[in-house]
Amino acid sequence: MGRNRKASEAAAQVAGQGRRFSVKPEAQTEVVGERASGIGVVVFTAALFLVGLAACLAAGFALQGKVTLEAIVVGAVVAALLAASCHIAQQWERVVVLRLGKLDRVSGPGLFWTWPVVESNAMRVDTRLRATTFGAEETLTADLVPLDVNAVLFWHVWDAKAACTEVGDFTAAVELSAQTALRDAIGRASAAEVAIRRDQLDRELKGVLEEKVAPWGVSILSVEVRDILLPRELQDVMSLEAQAEQRKKARIILIEAEQDVFEMLNEMEGLYGDNEAAMHLRTMHLLNESLREGKGTVVIPSAFAEGFNGDAADVLKESLKKVRL
């Protein structure tokens, strides 16, 4: 019991270490669309086998007047070779055919035939659009900031012959090329450039990958960066920097507004001149505007209106009434 418990504890510790130092899945490629059923191809091949066997048995019966064991064996071999030489490729498939080890042709889509034993199907290539998700974890930028970047690559095979003969596994080659190009692009830029200029990063990755995978018969449609994860400390620093930049812009706008107000006051000084009554009325007007929507109270000495005569005094009294209201 004690030995089993120690063994279980050791296994749990190893499992915990595995979870702690686990690595996220590598690049993964998915073929967009539903895979068609192959039952029709199987039924067609079986029917072709039966037709070949029946034709051989009928020929043997016509020659010998009966069905012999030799006729059955010969008919089975001929029917098997006939079924093996018939192939069907789907609309999106291209089949690379080799003759005695040499590239002969690319067949498909539809029904095609091969010579038994002499020719063989080397590879079936799916030419539909493919989506490959890949990423770069803790990749250092030009300013030595570790970033986690996730992206998706859209591509397809346009030359099945090159995809079969120029590279061993074109899917794995495209995935590794995408990861390498992403790490190189991150290493040449700063963290701020990677976070802000996402479109430029997409175009750069697309150009690099197009040049690299073109000899493999692969075409890159687009590269899209999905997520960029910055360290928490760097996020706080960039947030403070952005806030400081906004405060700077607000102060500049406030200074410009004060400058405009100062220029307007200089122009108004020439209009008012030395007319003290007009200046007082202007003051009361500003006071009225400031208290129109508020609930504050302003106390004005009664002697303040004694300096006004005639119409100016009447206007001042009306302004005071509005302020009280």
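1. At a relative accessibility of 32%, Glu-210 counts as partly exposed. Its partner in a salt bridge is Lys-206, with 2.3 Å from N to O. Lys-206 is likewise partly exposed, at 26% relative accessibility. Both residues belong to helix H7, where four residues, about one turn of the helix, separate Glu-210 and Lys-206. Salt bridges that share partners also join Arg-99, Asp-104, Arg-105 and Glu-119 into one network.

2. The average pLDDT of the protein chain is 76, and 67% of the residues score at least 70. Over residues 1-25 the pLDDT is below 50, and this stretch has one contact in the model beyond near neighbours in sequence. Where pLDDT is low, the predicted coordinates should not be read in detail.

3. On overall composition, the protein chain contains ten helices and nine strands. Of its 325 residues, 27% are buried. Among contacts between residues at least 6 apart in sequence, 65% join residues at least 24 apart. The chain exposes about 22000 Å², of which carbon and sulfur atoms supply 58%.

4. The salt bridges deserve a further point. The count comes to eight. One of them pairs Asp-104 with Arg-99, the closest N and O atoms lying 3.8 Å apart; the pair counts because the cut-off is 4 Å. Asp-104 is partly exposed, with a relative accessible area of 32%, and Arg-99 is partly exposed at 35%.

5. Another salt bridge joins Glu-204 and Arg-188, whose closest N and O atoms are 2.3 Å apart. This pair links distant parts of the chain: Glu-204 is in helix H7 (residues 198-213), while Arg-188 is in the loop between helix H5 (170-187) and helix H6 (191-196), 16 residues apart.

6. Which residues touch the most other members of the largest nonpolar core? They are Leu-153, Trp-155, Val-218 and Ile-220, in a core of 37 residues. At least two residues of this core come from each of strand S7 (130-140), strand S8 (146-157), helix H4 (160-165), H5, H6, H7 and strand S9 (218-229). Helix H5 supplies the largest share, eight residues. In soluble globular proteins, nonpolar side chains tend to be buried together.

7. Helix H5 also carries Ser-177. This serine counts as buried, at 6% relative accessibility, because buried means under 20% relative accessible area. Leaving aside neighbours within four places in sequence, Ser-177 is in contact with Leu-209, Lys-212 and Trp-216.

8. A nonpolar patch lies on the surface. Phe-61, Val-67, Leu-69, Ile-72, Val-73, Val-77 and Leu-81 form this patch, and together they have about 650 Å² of accessible area. Helix H3 (residues 69-84) gives the most to the patch, with five residues. Val-77 is found in helix H3 and counts as partly exposed, at 47% relative accessibility.

9. The peptide bond from Gly-108 to Pro-109 is cis, with omega near 0°. Pro-109 is placed in the loop between strand S4 (102-107) and strand S5 (110-113).

10. Where do the residues Leu-100 and Leu-144 lie? Leu-100 is in the loop between strand S3 (93-99) and S4, and Leu-144 is in the loop between S7 and S8. Although it is not a glycine, Leu-100 has a positive phi of about 55°. Leu-144, also not a glycine, has a positive phi of about 60°. Leu-100 counts as exposed at 69% relative accessibility, and Leu-144 counts as exposed at 65%.

Technical notes: Residues numbered from 1 in each chain as written. Predicted model: local features only at pLDDT ≥ 70, side-chain atom pairs only at ≥ 80, totals over all residues. Heavy atoms only, no water. Salt bridge = Lys/Arg side-chain N within 4 Å of Asp/Glu carboxyl O. Buried < 20%, exposed > 50% of the residue type's maximum accessible area, 1.4 Å probe, protein only. Contact = heavy atoms within 4.5 Å. Areas by Shrake-Rupley, 256 points an atom, 1.4 Å probe, with all protein chains shown as cover. pLDDT = per-residue confidence, 0-100. Core = buried A, V, L, I, M, F, W, Y, C linked by side-chain atoms within 4.5 Å. Patch = residues over 30% accessible without salt bridge, like charges linked within 9 Å, V, L, I, M, F, W, Y side chains within 5 Å.
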